[in-house]
Amino acid sequence: MGRLAAKLESLVDQQIIEKVEQPDSFVSNLVIIEKVDKTLRICLDPKELNKVLIRNYHLIPTLEEILAKLNNKSIFSVLDLSDGFYNIKLTEQSKKLCTFSSPFGCYRFLRLPFGLSIAPEIFQKYSENTFGDIPGVVIYCDDLLICADNEEEHDKILIQVLERARKCNVRFNKRKFQFKLTEVKYFGHIFSKNGMKIDPDRIKAIVELKSPKNKKELQIILGMINYLRRFVSSLAEIAAPLQVLLKNDVEWLWTHVHEKTLNDLKLAISQAPVLQNFNSNLPITIQCDASKDGLGCCLMQDGKPVSYASRSLTSAEKNFSQIEKELLSVVWSTKKFHYYIYGRKCIILNDHKPLETLLKKGIHEIPSPRLQRLKLKLLKYDIEFKYLKGKLMHVADLLSRSFLEETDNEDNYMYEVVHCVGLDSYLQCSDDQKQELISETLKDEELVQLCDSVKYGWPDKINKVPDSIKYYFRFREEITVDNNLLFKNDRLIIPKSIRLSIIKQLHEGHLGCTKMKQTARKCYYWPNMDLHIEEFVKKCFVCQTYQNNNVKEPLLSHTIPDLPFTKIGIDIMEFKKKNYLVIFDYFTKWLDIKFIPSKSASNIISSLIDIFSHFGIPAEIVSDHVPFDSRECKNFAAEWGIKFNYSSPRYPQSNGMAERGVQIAKKILTKCNEDKSDYRIALLQYRSAPVSGTPFSPAQLMMSRNLKTKLPVTQEYLKPRMNINVKEEFNKSKNRNEKYYNQNVRSKESFLIGQEVWFKKDPNSNKWLEGKIVGRNKFRSYEILDIKEGCIYTRTSYHLQAR
């Protein structure tokens, strides 16, 4: 945190960012890249912002334009402009859009930040405005290229460029400075004093294809040939000798005839009309694929290859999970074809469907740090990912299996550390807890097998998977490994030896079975987790001793308020000869238990004022008559602008929210008294558990954040966030409840004033008395005249029957 604070302060001093007190527009998550040299780089994770940005379509130079400037030049220098984004000032409106959150408050960029989808066009325009008028200068992507006929001319141009850079405060990357080259590569061509020629790297992956060792490998090669033969009809004729080898009655024997045929095919598909030159006006598609040991990709236009590439995986990369290898193939292909796709729309085709979901996520939503690093490298490109079945991925599939014996040694970014401030997916727990999790995972034979399958690849079919991990096969693409810990998306997979310990901690405070399962599903995973939780609760003596009675009655729901703590239910509860005021919020289901010395109005008012000092004054309070209808309470309500609504006497269901709060509170006190635990821990657990029917806890609804408990959780779980469409969720839940509870209940017609009825004076009695309706209150409440005694009672329709 100290280094981050210093970095932010440094950027403020450099007038790159500034502090914001009250952001009034987009607020993105902050992504911090810790480089190998321990320096920090500040970026945005502008997933939502990029969706609404309007692209400034500044034209990127075409091959023809570059050819006119580079052809027959004899000396070249290349300067790297990739760190020049901070040279571009933002307008006042743009500054508001580039606001980000940090642990030290909100800041906004004053200069162009990394990560915006429109940055390439803006940067190209800025670079051309700054250097474009200097003769002999070509600006493309993040390169500034100097080209000249001789050294003297070159040096004059270079001096002009450096003077202009000094004047405009533009800095170049000295580590990437290429000085006085005799040839330079662009768009798959090599430019030199001898003119322009095809870059052999475009076809190297095809020319050096390995000869097949069996029929399966030959089938993969011919699959690509069949795909490309629509461009050259003679390909089928050339490949005929190889087709014979695929027959069932022909024994495999690779001869010099087959080798010559393969070489002829390589030649045919590495030149026109199959191989075509890049056309800036045509859509760009990249096929990319990863095998167990290699990567392959092909840039295509109109279905024709423009450039082929492949390489082997390093020993470290071979340990990647399959989804990591596939995303690596995407990143490497964009890097390989950078000059073709930078600043242009590009479609990426890959046969790994989970990437489709992954690439739609923000960096902070990705659980694996390695996947975060890879995703970060794609932010500067305008790519659209599309899933393509493996059987149709002819070119990239072949190249990934028959790859060049080369590796990429320039990927230092794989050793960088990505921190997502604001919504962090790293496990938040003590070092001892994390070490225990790692240690027990490594001791768990099932999880060790699972880890190996994730790292080295799963079998194609489930019948080849070891029995102990077959359960995981159906969602295998969701599993990642990080620091010897296994995750299912962002849920930690718990080893067998500590599952009971996790359940015990979940049950601390005797949290109910449903809430335990909902809480566990947010953070943890293991097979049959719900069943294990249910079995544990069934064996808990305290919970079974004080479990609920089954009660079924007609349901008439209160209106759900629009805001937290605008409508509350209150009631007085007695426990162990002590009085407690129970407060239950209708919107958030937040529960408070306040000890009161007595049931006097003054004590109640004092407790309410204390509560109001924390959460504000409610607009409405629902309560029983006594003692809340006392003159002192009514005066207090009038003075504080509160409306009191009283429930029907002898019918606690009419203040069901408060009664539910009393029920929960009594359980908490009873259970905690039973095992001598602190009831405040139970209150914390209750406030942190999801409200039934929604994914949100009372704390989330009241404070827009979860509360930290003793359980190890991710920082993402604790980060404040807006709760959207909460009331809609509550209404859906209310409608479901009403439908469920009322499906076996017969609705009654309303009673009319003057109508004679039977009523229950004592709801606990089986005796019905004669009465007459003399008044009607809210909801289903009526004033009934006892015909025999002449007294008037208030009762609900539940206690009434027509005579």
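The model is predicted, so local features need pLDDT of at least 70 and side-chain atom pairs count only at pLDDT 80 or more, while totals for chains, interfaces and linings use all residues. Residues are numbered from 1 along each chain as its sequence is written, and side-chain values use heavy atoms, with hydrogens and water left out.

**View 1. An open sheet of four strands, in the order S20-S21-S22-S23.** The pairing here is mixed; two strands pair if DSSP finds at least two bridges between them. Strands (E, at least two residues) and helices (H or I, at least four) are DSSP runs, numbered from the N terminus. Look for S20 (479-482) and S23 (524-525) at the edges: each has a single partner strand, so one side of each is left without a neighbour in the sheet.

**View 2. The hairpin of S20 and S21.** S20 and S21 (residues 485-488) run antiparallel and are joined by four bridges. Thr480 has Phe487 of S21 as its bridge partner, and Asp482 stands opposite Leu485. Two residues lie between the strands, and Asn483 takes a positive phi near 55°.

**View 3. Helix H18 lying across the sheet strands S20, S21 and S22.** H18 covers residues 445-456 and S22 covers 491-493. The helix runs at about 100° to S20; axes are lines fitted to C-alpha atoms, for helices over the stretch in contact, and angles run from 0 to 180 degrees between N-to-C directions. Contact means heavy atoms within 4.5 Å.

**View 4. Helices H25 and H26 in a right-handed crossing.** The axes of H25 (residues 656-674) and H26 (residues 679-688) come within 9 Å and cross at roughly 135°, and the two helices are therefore oblique to each other. In that scheme, angles under 35 degrees count as roughly parallel, over 145 as roughly antiparallel, 65 to 115 as roughly perpendicular and the rest as oblique. A crossing is right-handed if the near helix is turned clockwise from the far one by less than a right angle, and left-handed if anticlockwise. Ile664, Ile668, Leu669 and Cys672 of H25 meet Tyr679, Ala682, Leu683 and Tyr686 of H26.

**View 5. Helices H8 and H16 in a left-handed crossing.** H8 (residues 215-228) and H16 (residues 394-401) pack at about 150°, with axes 8 Å apart, and are therefore roughly antiparallel. On the H8 side, the meeting residues include Ile220, Met224 and Tyr227, and on the H16 side they include Val395, Leu398 and Arg401.
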